[in-house]
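Have the sequence and the 3D view ready.

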Amino acid sequence: MSQTILLLPGDGIGPEIVEETRKIMEWTVRQGLADLQFETGLIGGAAYDATGTPLPAETLTRAKTAAAVLLGAVGGPKWEPLDYSVRPERGLLGIRKELDLFCNLRPAMVYDQLADASTLKREVVSGIDIMVVRELTSDIYFGTPRGVETLPDGRKKGLNSMTYTTDEIERVARSAFEIARKRRGKVCSVDKANVLECTELWRQVVTALHQKEFSDLALSHMYVDNAAMQLIRNPRQFDVIVTGNIFGDILSDEASMLTGSIGMLPSASLGTRYALYEPIHGSAPDIAGQGVANPLATILSAAMMYRYSLNLPAVADRIEQAIVRVLDQGFRTPDIMQPGMKLVGTSAMGDAVLAALEG
Ligand code: IPM
Ligand code: MG
């Protein structure tokens with residue numbers, strides 16, 4: 001029985017990078033390594049243009065019947081004037097929430113070949129291997145009350161609410177501890193417990209769970225401002241970082257720059273029933289349609305899909321190894337270009353990965 005993969009290219013560079021990833025996934029089917037069929041659906045601005053909503057009901061239904069979802073990116077200046085409720089980003093937040101994808105894995109690894117592409121010194125970033133575990137379905141992203149209200153005197157007031165319940169904290173913390181057990185056994189929980197009650201609760205719940213079920217692991221706590229600083233100062237101290245939705249959004253972008261380019265970082269968003277895979281970067285409207293976007297983060301996201309959803313870790317390994325080979329061979333998209341390397345566009349990079357897989 002073949003498994004269905006729902007492709008949601010979305011906006012900006014999304015269609016280009018998803019297309020390259022599809023080439024790689026189709027190769028695994030041709031080779032008999034996986035039995036997959038592909039469907040394409042609408043999300044984000046593209047969905048809004050076609051249907052008037054950034055998350056059509058059909059997309060959600062198909063996501064729920066698929067074995068996994070691969071998403072490109074959403075958003076762009078074209079849709080910025082829209083009301084908040086129909087912005088492309090609402091499509092992405094909506095699918096995360098509806099599929100209950102509470103556990104977002106964002107691995108930040110430095111490829112030795114790219115260590116000099118980082119804006120930080122090689123000796124600071126070389127060898128880093130960090131897993132950011134970001135909670136993805138709660139926090140200030142979803143908390144109520146929210147909105148902008150007009151006060152009696154005519155001033156306006158914007159309001160968002162940071163909220164976490166004990167069960168929401170506990171389930172993502174449990175995932176982080178389980179992942180750490182298979183890695184170097186260190187978890188750093190990031191909060192702002194000195195100021196925000198919501199994250200004080202976060203710290204208590206993480207600590208209690210650690211004591212109860214994971215006392216064999218090393219748990220530390222860090223305030224988010226310090227974590228932002230430590231990520232730049234000494235990133236090798238981190239193994240697994242677990243944090244809430246907003247802090248995870250910010251820290252994972254920061255962690256990506258350690259690796260040389262945000263164009264290299266994949267992610268997996270996991271719930272108990274469904275899973276979605278996407279690069280952590282956005283739709284990059286400034287370079288959309290030019291064929292220069294780096295497809296590697298999306299291809300690496302597909303590798304995570306083989307590992308976490310399709311139960312084909314050997315295929316995941318092969319794809320990841322092919323990417324290392326392509327970097328060894330000197331292929332570089334503009335975002336990771338360095339002197340002496342071979343500058344290629346999106347589809348040439350996809351072809352190089354295919355050739356490395358075949359070779
Ligand atoms: C991300 C993105 C999204 C987020 C946006 C596009 C809504 O920045 O996946 O990190 O804030 O979660
Ligand atoms: Mg982000």
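What follows is a short tour of some aspartates and their partners.

## A word on the model

Keep in mind as you read that this is a predicted model.

Start with Asp-116, which you'll find in the loop between β4 (103-109) and α5 (122-125). Its relative accessible area is 43%, so Asp-116 counts as partly exposed. Setting aside neighbours within four places in sequence, Asp-116 is in contact with Arg-122 and Gln-338. With Arg-122 there's a polar contact between the two side chains, at 3.0 Å. If you want a sense of distance, the C-alpha atoms of Asp-116 and Gly-14 are separated by 27 Å, and these residues are 102 residues apart along the chain.

Now hop over to Asp-191, which is part of strand β8 (residues 186-191). Is Asp-191 buried or exposed? Its relative accessible area is 0%, and buried means under 20%, so Asp-191 is buried. Its side chain reaches the backbone nitrogen of Ala-193 at 3.0 Å. Again leaving out neighbours within four places in sequence, Asp-191 has contacts that include Trp-202, His-221, Tyr-223 and Phe-247.

## Pairs of opposite charge

Side chains of opposite charge can pair when their charged atoms come close. How many salt bridges does this model have? The count comes to 23 salt bridges.

One of them joins Arg-134 and Asp-249, with the closest N and O atoms 3.8 Å apart. Arg-134 is in strand β5 (residues 129-135) and Asp-249 is in helix α9 (residues 245-258), so this pair ties together parts that are 115 residues apart in sequence. Arg-134 is buried, at 1% relative accessibility, while Asp-249 is partly exposed at 25%.

Another salt bridge links Arg-155 with Asp-153, and here the closest N and O atoms are 2.9 Å apart. Both of these residues, Arg-155 and Asp-153, are exposed.

Asp-239 and Arg-184 also meet through their side chains in a salt bridge (3.9 Å, N to O). Asp-239 lies in the loop between α8 (224-233) and β10 (240-243), and Arg-184 in the loop between α6 (166-181) and β8, so the pair ties together parts that are 55 residues apart in sequence. Asp-239 is buried, with a relative accessible area of 2%, whereas Arg-184 is partly exposed at 45%.

Terms used. Residues are numbered from 1 along each chain as its sequence is written. Chains are lettered from A and ligands numbered from 1 in the order in which they are written. This is a predicted model: local features need pLDDT of at least 70, side-chain atom pairs count only at pLDDT 80 or more; totals for chains, interfaces and linings use all residues. Side-chain values use heavy atoms; hydrogens and water are left out. Helices (H or I, at least four residues) and strands (E, at least two) are DSSP runs, numbered from the N terminus. Buried means under 20% relative accessible area, exposed over 50%, partly exposed in between (1.4 Å probe, protein chains only). Contact means heavy atoms within 4.5 Å. A polar contact is a pair of N or O atoms within 3.5 Å; within protein, one must be able to donate a hydrogen and the other to accept it, and residues adjacent in sequence count only if both atoms are side-chain atoms. A salt bridge is a side-chain nitrogen of Lys or Arg within 4 Å of a carboxyl oxygen of Asp or Glu.
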